[in-house]
Amino acid sequence: MSKRDDLIEKYAADIKDKFGENADMDLLKKVTVGLGPSIYNIDASKVSGSDQKELDTVKNNYLIKKLGLADDSKLDDAIKTVMDKYGSSNRNKHRAVIYYMLCKHFKKASVYDK
């Protein structure tokens, strides 16, 4: 198994444990691959739920640029919901898991079919 496959398994377990659902492994793999080498960097692979700058990056770079969503309060609400479900006490919020959950929330899996 490759290092990326190991990480995808870890992300799938996180989705099961924290969100109570089975991951769509095909979509999770596409989201993870889309993050490129950042998944191997300890700092870049995580999202701090208490850092507004970090949350703005998720909104601008992922939701608006990647998923093509319009900038409105629904984006902030969705990010907050995902962060709350992930758990405020959990310091290891994986970027791939957050992006996956946001992609599912906005029903934008088709973005990864290109």
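Mentor: Start with a definition: a crossing is right-handed if the near helix is turned clockwise from the far one by less than a right angle, and left-handed if anticlockwise. Keep in mind that this is a predicted model.

Trainee: Which hand does the crossing of H3 and helix H4 have?

Mentor: Helix H4 covers residues 73–86, and its axis lies 10 Å from that of H3, at an angle of about 115°. Leu55, Val58, Lys59, Leu63 and Ile64 in H3 meet residues of H4, namely Leu75, Asp76, Ile79 and Met83. By the definition above, the crossing in which H3 passes H4 is right-handed.

Trainee: Which residues of H5 make the contact with H3?

Mentor: The axes of H3 and H5 cross at roughly 55° and come within 12 Å. The crossing is right-handed. From H3, the contact uses Glu54, Val58, Tyr62 and Leu63; from H5, it uses Arg95, Tyr99, Leu102 and Cys103.

Trainee: Are H1 and H5 parallel or oblique to each other?

Mentor: Two packed helices are described by the angle between their axes and the distance between the axes. For H1 and H5 the angle is about 60° and the axes are 10 Å apart. The contact is made by Tyr11, Asp14, Ile15 and Phe19 of H1 with Ala96, Val97, Tyr100 and Met101 of H5. Angles under 35 degrees count as roughly parallel and 65 to 115 as roughly perpendicular, so H1 and H5 are oblique.

Trainee: Why do the buried residues of H2 line one face of the helix?

Mentor: The buried residues of H2, which spans residues 25–34, are Leu27, Leu28, Val31 and Thr32. Viewed along the axis of H2, these buried residues line one face because they fall within an arc of 135°. In general, an α-helix has 3.6 residues a turn, so residues three or four places apart point the same way. The value that settles the matter for H2 is the arc of 135°.

Trainee: Which helices are included in what covers the buried residues of H2?

Mentor: Buried means under 20% relative accessible area, and the buried set here is Leu27, Leu28, Val31 and Thr32. Their cover includes helix H1 (3–19), helix H3 (52–66) and helix H5 (95–105).

Trainee: What is the phi of Lys107?

Mentor: Most residues other than glycine have a negative phi. Lys107 lies in the segment after H5, and at a relative accessible area of 72% it is exposed. Gly36, which follows H2, has a positive phi near 65°. Lys107 is not a glycine, yet its phi is positive, at about 55°.

Trainee: How far apart in space are Gly20 and Lys85, C-alpha to C-alpha?

Mentor: Gly20 sits in the loop between H1 and H2. With 60% relative accessibility, Gly20 counts as exposed. Gly20 and Lys85 are 65 residues apart in sequence, and their C-alpha distance is 9.8 Å.

Trainee: Is His105 buried or partly exposed?

Mentor: His105 belongs to helix H5, and it lies 77 residues from Leu28 in sequence and 13 Å from it in space, C-alpha to C-alpha. Buried means under 20% and exposed over 50%. At 45% relative accessibility, His105 is partly exposed.

Notes:
Residues are numbered from 1 along each chain as its sequence is written. This is a predicted model: local features need pLDDT of at least 70, side-chain atom pairs count only at pLDDT 80 or more; totals for chains, interfaces and linings use all residues. Side-chain values use heavy atoms; hydrogens and water are left out. Buried means under 20% relative accessible area, exposed over 50%, partly exposed in between (1.4 Å probe, protein chains only). Helices (H or I, at least four residues) and strands (E, at least two) are DSSP runs, numbered from the N terminus. The arc is that of the directions from the helix axis to the C-beta atoms. Contact means heavy atoms within 4.5 Å. Axes are lines fitted to C-alpha atoms, for helices over the stretch in contact, and angles run from 0 to 180 degrees between N-to-C directions. Angles under 35 degrees count as roughly parallel, over 145 as roughly antiparallel, 65 to 115 as roughly perpendicular and the rest as oblique.
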